[in-house]
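Please look over the sequence and the model shown here. The briefing after them goes through the topics one at a time.

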Amino acid sequence: MDLFHTIIALLESTIRVSVPLIFAALAGLFTERAGVFDIGLEGKMLGAAFAAGAVAAVSGSVMAGLLAAIVISVLLGLVHGYASITQRGSQIVSGVAINFVVAGSTVILGEAWFRQGGRTPALAGDARFQTVTFPFADAVKDVPVLGPVYSSLLSGHFVLTYFAFAMVPISWWILYRTRFGLRLRAVGENPGAVDTAGISVIWLRYRAVICAGILCGFAGAYLSLAMNAGFVKGMTAGKGYIALAALIFAKWRPVNIMLACLLFGFLDALAIRLQGNPLPLIGQVPVQLMQALPYILTVVLLAGFIGKAIPPKAGGIPYVKER
Amino acid sequence: MSNPYAKLPAWAEYGLIPLVNLVVAFLVAGLVVLLVGENPLNAAYHMINGAFGRGEYIGFTLYYATTFIFTGLSVAVAFHAGLFNIGSEGQAYIGGIGVALACLWLDKTMPWFIVLPVAIIGSAGFGALWAFLPGWLQAKRGSHIVITTIMFNFIASSIMVYLLTKVMKPLGSMATQTRTFEAGGQLPKLDWLLSIFGLNVGNAPFNVSFLLALVAAFGVWVLIWRTRFGYEMRTMGHSPSAARYAGISETRITIIVMMISGGLAGMMALNPIMGEQFRMQLDFVQGAGFVGIAVALMGRSHPAGIIPAAILFGMLYQGGAEIAFEMPSISRDMIVIIQGLVILFAGALENMFRPAIGRAFAAIGSRATAAAQTRGA
């Protein structure tokens with residue numbers, strides 16, 4: 001029974017840490033499927049988390065915070081779009097630049113506006129997302145096996161958590177069942193053909209970048225308004241890169257993305273839980289190994305040792321209309 | 001891809017355009033300073049004074065510049081072969097192992113000029129090893145170098161945390177660092193070099209590795225523009241298909257270039273470990289690998305551009321500390337913003353002002369010819 005409760009607790013924290021990964025990886029899905037590499041997921045998420053924390057602290061409204069997160073993240077996405085789509089600069093260089101500008105400015109602005117060492121003021125009440133409790137969650141808690149699964153694992157998360165998981169089928173539907181999605185995928189594989197059909201490659205890619213901005217906005221807002229009570233400097237701590245790894249690990253497919261994010265989230269949760277506790281049979285596993293595992297797995301996958309990850313064909317190449 | 005822009009004179013291409021991009025980056029940074037309620041001109045004054053106002057400050061500026069010359073060269077070498085090595089950070093970090101091992105092994109028995117060559121080989125070797133895998137994976141397995149080097153940065157950081165908490169830390173010590181090196185593991189300062197100019201280096205850790213960085217810069221210039229291998233890698237960087245038709249082995253070039261790039265990044269570790277702290281600490285690279293990206297982009301991947309760009313960033317680091325002291329609301333994170341803006345304007349947006357500058361040159365050119373014609377008539 002004790003083991004069972006441990007597992008439930010582990011899975012619960014897996015879900016908690018996977019949410020920002022899912023949002024960010026889906027964001028990357030939209031841009032990369034449209035042929036725009038996005039190293040800037042980390043920066044967009046961090047900028048959104050800061051905007052959410054700052055605006056929610058000042059206005060006291062969680063929705064204002066969420067809106068600010070989305071606006072900032074979309075604006076950063078548009079900078080990336082302007083540099084890499086309109087000016088045809090290197091998509092990777094532009095993403096790296098955005099990450100640095102955001103990493104620096106969130107600390108400087110946070111310190112100048114709130115003077116709490118790069119934090120935003122702690123949020124409470126209406127300024128923060130509240131957890132949702134499903135009906136009868138308390139009543140069925142003591143039912144063996146199914147009780148804890150229902151009351152701890154399924155119930156008691158934030159609205160954004162459920163929304164993140166809902167975004168997986170929604171993204172699938174948009175990409176594979178709508179005209180916009182078909183064109184978006186086409187523009188990532190063969191932009192010339194899309195252009196020939198009389199559809200603007202530029203505008204399509206901009207729309208993809210905006211979609212990614214919105215999703216990264218949710219990821220950031222989740223970090224500072226739900227998972228934590230406010231913004232802490234550098235709080236994304238590489239999650240944007242893990243999301244990028246998950247995106248590749250999932251071979252640019254929505255449902256695989258959810259599974260990859262859950263796997264990486266599980267490793268993260270496990271690393272925290274195993275700190276100082278030896279594993280049965282294997283003995284003490286260095287925490288650092290657990291933390292590095294998502295990256296190692298991605299490298300192994302990219303090397304083609306577990307299946308083959310084939311990126312969208314036109315990814316990373318700015319589109320030049322024939323002159 | 002065809003070059004859609006008119007050809008500009010060399011001084012405009014290599015001088016004016018980077019300068020315009022840099023000025024715009026600093027103007028935007030100035031806006032951030034305004035946003036936090038400080039005067040950008042004051043900030044600029046404190047920065048320049050803090051970087052060059054005294055011999056000691058100049059020593060610190062050049063100390064930081066040494067680090068950035070190495071990482072800038074590392075990124076630039078890869079750029080020439082069309083490879084984007086974001087992994088200089090991790091390669092420098094792993095390179096530290098080579099320096100630390102050499103010093104821990106020899107520092108008590110040998111003088112510094114014996115330890116230094118061993119440390120150079122160690123740092124370059126470990127850095128090259130860490131870059132070999134991404135290079136090999138790109139060349140043989142087709143995995144994207146940008147993604148693998150990002151992943152390798154994180155893996156490197158995990159390895160170093162493990163090594164410094166479990167393996168290389170002296171027994172009974174709490175701090176995550178190696179023991180302090182004896183005299184053999186400490187590089188002499190270049191106080192004589194500054195005293196030629198009548199400056200006193202003071203406490204600044206400006207050391208011999210600066211000269212090594214200059215030698216490395218010259219070596220890179222020779223490699224890229226004066227050797228057959230350099231020609232091959234530039235060919236591959238310009239047009240992989242042309243390189244293939246010419247019978248140049250992409251696999252060989254990719255792997256060797258990545259190892260050179262990793263070796264240069266690894267040598268950066270000499271400067272902080274043997275030149276300043278005399279021990280290997282957690283996180284000693286402090287983002288220098290990423291600064292290398294900005295330095296290489298600003299220096300247009302040419303050693304003659306990288307050295308001034310590295311000194312500029314050295315000035316930002318040293319002067320930035322001075323700003324943080326004088327204006328508490330502007331911490332050293334300001335440098336990270338400037339670094340990002342330089343990468344944005346000198347890298348991703350490098351073509352933004354080119355059409356306008358090209359038009360201006362065309363207009364001046366046609367007016368000059370018109371004037372010459374009227375004079376001739």
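The contact between the two chains takes 41 residues from chain B and 37 residues from chain A, where two residues are in contact if their C-beta atoms, placed from the backbone, lie within 7 Å. This is a predicted model, in which local features need pLDDT of at least 70 and side-chain atom pairs count only at pLDDT 80 or more, while totals for chains, interfaces and linings use all residues. Residues are numbered from 1 along each chain as its sequence is written, and chains are lettered from A and ligands numbered from 1 in the order in which they are written.

**The side of chain B that touches chain A**

- Helix 1 (10–35), helix 5 (112–141), helix 6 (145–167), helix 13 (288–298) and helix 15 (333–348) of chain B each give at least two residues to this side; helices (H or I, at least four residues) are DSSP runs, numbered from the N terminus.
- Helix 15 of chain B gives the most, with eleven residues.
- By class, this side has 27 nonpolar, eleven polar and three charged residues. Here Ala, Val, Leu, Ile, Met, Phe, Trp, Tyr, Cys and Pro count as nonpolar, Asp, Glu, Lys and Arg as charged, and the others, Gly among them, as polar.

- A residue is buried if 20 or more other C-beta atoms lie within 10 Å of its own, exposed if 12 or fewer, and partly exposed in between.
- The end C-alpha atoms of helix 15 of chain B are 22 Å apart, which agrees with the 22 Å that its 16 residues should span at 1.5 Å a residue; the expected span is 1.5 Å times one less than the number of residues.
- Helix 2 (residues 41–59) of chain A reaches 26 Å from its first C-alpha to its last, close to the 27 Å expected for its 19 residues.
- Of those 19 residues of helix 2 of chain A, 17 are buried, so the helix is largely enclosed by the rest of the structure.

**A helix pair in chain A**

- The axes of helix 7 (residues 179–189) and helix 9 (residues 201–227) of chain A come within 10 Å and cross at roughly 110 degrees. Axes are lines fitted to C-alpha atoms, for helices over the stretch in contact, and angles run from 0 to 180 degrees between N-to-C directions.
- That makes helix 7 of chain A roughly perpendicular to helix 9 of chain A, a label for angles of 65 to 115 degrees.
- Helix 7 of chain A contributes Arg183(A), Leu184(A) and Val187(A) to the contact, and helix 9 of chain A contributes Val201(A), Leu204(A), Arg205(A) and Ala208(A).

**Single residues**

- Gly87(B) is in the loop between helix 3 (55–80) and helix 4 (88–106) of chain B, and counts as buried with 34 C-beta neighbours inside 10 Å.
- The C-alpha atoms of Gly87(B) and Asn153(B) are 66 residues apart along the chain and separated by 5.8 Å.
- Trp252(A) lies in the loop between helix 10 (239–249) and helix 11 (254–274) of chain A. Its phi is near 60 degrees, a positive value in a residue other than glycine.
- Trp252(A) is buried, with 22 other C-beta atoms within 10 Å.
- Asp283(B) has phi near 65 degrees, a positive value in a residue other than glycine, and counts as exposed with 12 C-beta neighbours inside 10 Å.

Technical notes:
Parallel < 35°, antiparallel > 145°, perpendicular 65-115°, else oblique.
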